[in-house]
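Here's a short tour of one protein chain, stop by stop.

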Amino acid sequence: MVGAAAVATRRAEAQNAWPARTVRMVVGFTAGSATDVTGRMFAQKFSEAWGQPVVVENIPGNSGAIGVDRVAKAAPDGYTLMWAGNAAITILPSLQNLPFDPLKDLESICITLSMASLLFVNNDLPVRSVPELVAHAKANPGKLSYGSPGIGTPQHIAGEMLCHRAGIQMEHIPYRGANMADVLSGLVPVGIQNAGAAMPLVRAGRLRCIGVTSLNRSSTAPDLPTIAEQGFPGFEATSWFGLMAPAGTPRPILDKVRAEALKVLADETMKERFASLSLDTVGSTPEEMRRVIATDIPKWAQVIREAGIPTSR
């Protein structure tokens with residue numbers, strides 16, 4: 001009994017002293033993507049608050065699932081965190097047989113931010129609205145393609161939803177994160193990316209946004225119409241970002257991470273930076289995050305079935 005008490009005391013002391021060394025934050029997308037940019041914003045603030053480096057490690061591939069799997073198999077000691085996007089957590093489970101279970105193999109900490117995506121076109125494409133894109137696609141069958149950050153991302157699902165509901169065909173070109181070079185050059189005429197990644201190019205006039213994937217217009221971009229208001233009522237496909245850790249990570253550590261995340265979300269300077277990137281702050285509890293995941297998985301599964309998106313399950 002004395003020995004067990006001593007072990008428990010040492011564990012408590014270790015948790016209270018956490019972090020005592022570098023913390024790794026895994027991001028499942030490439031550098032420069034919206035997931036990467038937002039993750040680095042939090043990592044910097046965590047480093048300042050904890051007095052220890054919080055290093056972002058980009059492990060791109062399979063719409064973030066490779067990075068999630070790496071975290072799910074990491075030691076549950078608090079020194080590996082996941083900056084997760086909802087693609088690998090809530091969409092891919094209905095498309096693939098994944099080596100992890102987001103509700104069993106990972107601890108939910110907090111949904112931090114949410115973001116709509118932009119549907120945009122190359123400036124030389126003669127369309128300025130979603131109805132015009134649909135008409136152009138019907139007049140040019142088999143000639144349009146659209147790029148997304150990868151298979152199973154909300155942007156991919158948004159593209160397939162639009163094709164299904166509009167009765168058109170566009171070839172899906174998946175990338176490994178935010179890649180708009182081919183749309184800028186005209187090689188791929190249409191793109192769907194997170195607003196944070198695409199908005200600067202839209203505002204600079206280098207790409208033409210024709211629709212936003214949120215149900216309502218964004219407060220940070222009220223001039224941009226939604227896809228829903230252009231003849232597709234109820235159309236919605238948004239992204240969210242959140243913090244997770246390997247299952248079994250001690251609760252005091254998870255609580256400390258969430259508490260610091262809430263401070264970041266409440267910081268006025270950070271709120272201005274988030275708004276400039278078209279991000280909405282959330283700040284959920286772990287229980288709320290788990291409920292969102294448990295609800296979103298069957299929701300996206302239904303969308304995938306209705307749109308006829310191929311799966312490998």
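Let's start with a serine: the side chain of Ser239 makes a polar contact with the side chain of Gln155 at 3.3 Å. Keep in mind that this is a predicted model. Asn194 joins in too, as its side chain makes a polar contact with the side chain of Ser239 at 3.0 Å.

Where does Ser239 sit? You'll find Ser239 in strand β10, which covers residues 239-246. Is Ser239 buried or exposed? Ser239 counts as buried because its relative accessible area is 4%, and the cut-off for buried is under 20%. Leaving aside neighbours within four places in sequence, Ser239 is in contact with several residues, including Asn86, Leu113, Ser117 and Pro154.

Next stop: an aspartate. Asp105 lies in the loop between α4 (86-91) and β4 (106-115). With a relative accessible area of 28%, Asp105 is partly exposed. The side chain of Asp105 reaches the backbone nitrogen of Asp101 at 2.7 Å. Not counting residues up to four places away in sequence, Asp105 touches Ala72, Pro99, Phe100, Ala245, Pro246 and Ala247.

| From | To | Distance |
|---|---|---|
| Ser239 side chain | Gln155 side chain | 3.3 Å |
| Ser239 side chain | Asn194 side chain | 3.0 Å |
| Asp105 side chain | Asp101 backbone nitrogen | 2.7 Å |

Now for the nonpolar parts. In soluble globular proteins, nonpolar side chains tend to be buried together. The largest nonpolar core here has 53 residues, and Leu119 and Leu133 touch the most other members. Helix α11 (residues 286-307) gives the most to this core, with seven residues. A second, separate core has 49 residues, among them Met41, Phe46, Leu201 and Phe274. Going back to Leu119, the residues it touches include Val130, Leu133, Leu162, Ile192 and Ile227, not counting those up to four places away in sequence.

Last up is a pair of helices. Helix α9 (residues 251-266) and helix α10 (residues 268-276) pack at an angle of about 75°, with their axes 5 Å apart. So α9 and α10 are roughly perpendicular to each other. Val264, Leu265 and Ala266 in α9 meet Glu268, Met270, Lys271 and Phe274 in α10. By class, this contact has five nonpolar, no polar and two charged residues.

Key
Residues are numbered from 1 along each chain as its sequence is written. This is a predicted model: local features need pLDDT of at least 70, side-chain atom pairs count only at pLDDT 80 or more; totals for chains, interfaces and linings use all residues. Side-chain values use heavy atoms; hydrogens and water are left out. Axes are lines fitted to C-alpha atoms, for helices over the stretch in contact, and angles run from 0 to 180 degrees between N-to-C directions. Helices (H or I, at least four residues) and strands (E, at least two) are DSSP runs, numbered from the N terminus. Angles under 35 degrees count as roughly parallel, over 145 as roughly antiparallel, 65 to 115 as roughly perpendicular and the rest as oblique. Contact means heavy atoms within 4.5 Å. Ala, Val, Leu, Ile, Met, Phe, Trp, Tyr, Cys and Pro count as nonpolar, Asp, Glu, Lys and Arg as charged, and the others, Gly among them, as polar. A nonpolar core is a set of buried Ala, Val, Leu, Ile, Met, Phe, Trp, Tyr and Cys residues joined through side-chain atoms within 4.5 Å. Buried means under 20% relative accessible area, exposed over 50%, partly exposed in between (1.4 Å probe, protein chains only). A polar contact is a pair of N or O atoms within 3.5 Å; within protein, one must be able to donate a hydrogen and the other to accept it, and residues adjacent in sequence count only if both atoms are side-chain atoms.
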